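Here is a briefing for someone meeting this structure for the first time. Please look over the sequence and the model before reading on.

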Amino acid sequence: MSSNRQAGRDFAEAYAGEDTVLVQARHRAREAGVVPISPGGGSALCFLAAATDARAVAEIGTGTGVSGVYLLRGMRPDGVLTTVDLDPDNQRVAKETYAEAGFSGGRARFIPGRALEVLPRLADHGYDLVFCDGDKTEYPDYLAEALRLLRPGGVVCFDNALWHDRVPDPTHRDPETTAVREVLRTVREHEALVPTLLPVGDGLLCAVLRG
């Protein structure tokens, strides 16, 4: 990649900027060994939540609350984020992040546990946006659940859709890369989905469920 093109990508990535709340949440993520969505990816999530006038969002992978803050900032003032994570300690930290961002306790519903055990308990067609940032090997299963959870016109997003640039390289055949490739292919070929792959962060795959 040329230096000018890289500079352009860096500029776009940092375009929206991050405040003290998000900077602190990223610091907590480093301490916890969690890799949050990039600033550009977070900005895209905020945009999509606002564009869909989202009232109900489901998130797989709470982390320390970076992506959740972006989602909540784009959602309606009465919107509720349902966020799932295996680690209750991550969710405890995310609660602090949301409080620092000025969101009341009622704006987020925290569910600890494995996503594939939690998601089947959520309401059919009850969500405007589903954001997936959990176990990459489970991405194909997350997509199946998201299609059930989304209302017509809703959006599904997958972070790490380039998976450290391994996805475009056919020599990488590890389980994570293979699963991400499968989701990319399925989303692209699905008749009910209108997809796009955004080159922000580690890649953000997004698709709208046709009405």
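Which glycine follows helix 2, and is its phi positive or negative? The residue is glycine 33, and its phi is positive, near 75 degrees. This is a predicted model, in which local features need pLDDT of at least 70 and side-chain atom pairs count only at pLDDT 80 or more, while totals for chains, interfaces and linings use all residues. Residues are numbered from 1 along each chain as its sequence is written, and side-chain values use heavy atoms, with hydrogens and water left out. Helices (H or I, at least four residues) and strands (E, at least two) are DSSP runs, numbered from the N terminus.

- Seven strands form an open sheet with mixed pairing, in the order 3-2-1-4-5-7-6; two strands pair if DSSP finds at least two bridges between them.
- Strand 3 and strand 6 are the edge strands, since each pairs on one side only.
- From one strand to the next, the twist averages 15 degrees. Axes here are lines fitted to C-alpha atoms, for helices over the stretch in contact, and angles run from 0 to 180 degrees between N-to-C directions.
- Strand 5 pairs with strand 7 (residues 204-209) in the antiparallel sense, over five bridges. Opposite aspartate 159 stands leucine 204 in strand 7.

- Five of the five residues of strand 1 (residues 56-60) are buried, so the strand is largely enclosed by the rest of the structure. Buried means under 20% relative accessible area, exposed over 50%, and partly exposed in between (1.4 Å probe, protein chains only).
- In a regular strand the side chains alternate between the two faces of the sheet.
- In strand 1 both faces are covered, with Ala56, Ala58 and Ile60 buried on one side and Val57 and Glu59 buried on the other.
- Strand 1 runs parallel to strand 2 (residues 80-85), and five bridges join them. Valine 80 in strand 2 is the bridge partner of alanine 56.
- Strand 1 also pairs with strand 4 (residues 127-132), in the parallel sense and over four bridges. Here glutamate 59 stands opposite phenylalanine 131 of strand 4.
- A right-handed β-α-β unit is made by strand 1, helix 4 and strand 2. A crossover is right-handed if, with the strands pointing away from the viewer, the path from the first strand over the helix to the second runs clockwise.
- Helix 4 lies across strand 1, strand 2 and strand 4, and runs at about 165 degrees to strand 1.

**Helix 2**

- The 13 residues of helix 2 (residues 20-32) should span 18 Å at 1.5 Å a residue, and the end C-alpha atoms are 18 Å apart, which agrees. The expected span is 1.5 Å times one less than the number of residues.
- Val21, Leu22, Ala25, Arg26, Arg28 and Ala29 are buried in helix 2.
- Seen down the axis of helix 2, these buried residues fall within an arc of 160 degrees, so they line one face of the helix. The arc is that of the directions from the helix axis to the C-beta atoms.
- Thr20, Arg30 and Glu31 are exposed, on the face of helix 2 turned away from its buried side.
- The cover over the buried residues of helix 2 includes helix 3 (39-51), helix 4 (66-74) and helix 5 (88-100).

**Helix 7 and helix 8**

- The buried residues of helix 7 (residues 139-149) are Tyr139, Tyr142, Leu143, Glu145, Ala146 and Leu149.
- They pack against several elements, including strand 1, strand 4 and helix 8 (175-189).
- Valine 180 lies in helix 8 and counts as buried at 2% relative accessibility.
- Leaving aside neighbours within four places in sequence, valine 180 is in contact (heavy atoms within 4.5 Å) with Lys136, Tyr139, Asn160, Ala161 and Val167.

**Loop residues**

- Asparagine 160 is in the loop between strand 5 and helix 8. Its phi is near 60 degrees, a positive value in a residue other than glycine, and at 10% relative accessibility asparagine 160 counts as buried.
- Histidine 164 is found in the loop between strand 5 and helix 8. Its phi is near 55 degrees, also positive, and histidine 164 is partly exposed, with a relative accessible area of 46%.
- Glycine 102 lies in the loop between helix 5 and strand 3 (108-112), and at 64% relative accessibility glycine 102 counts as exposed.
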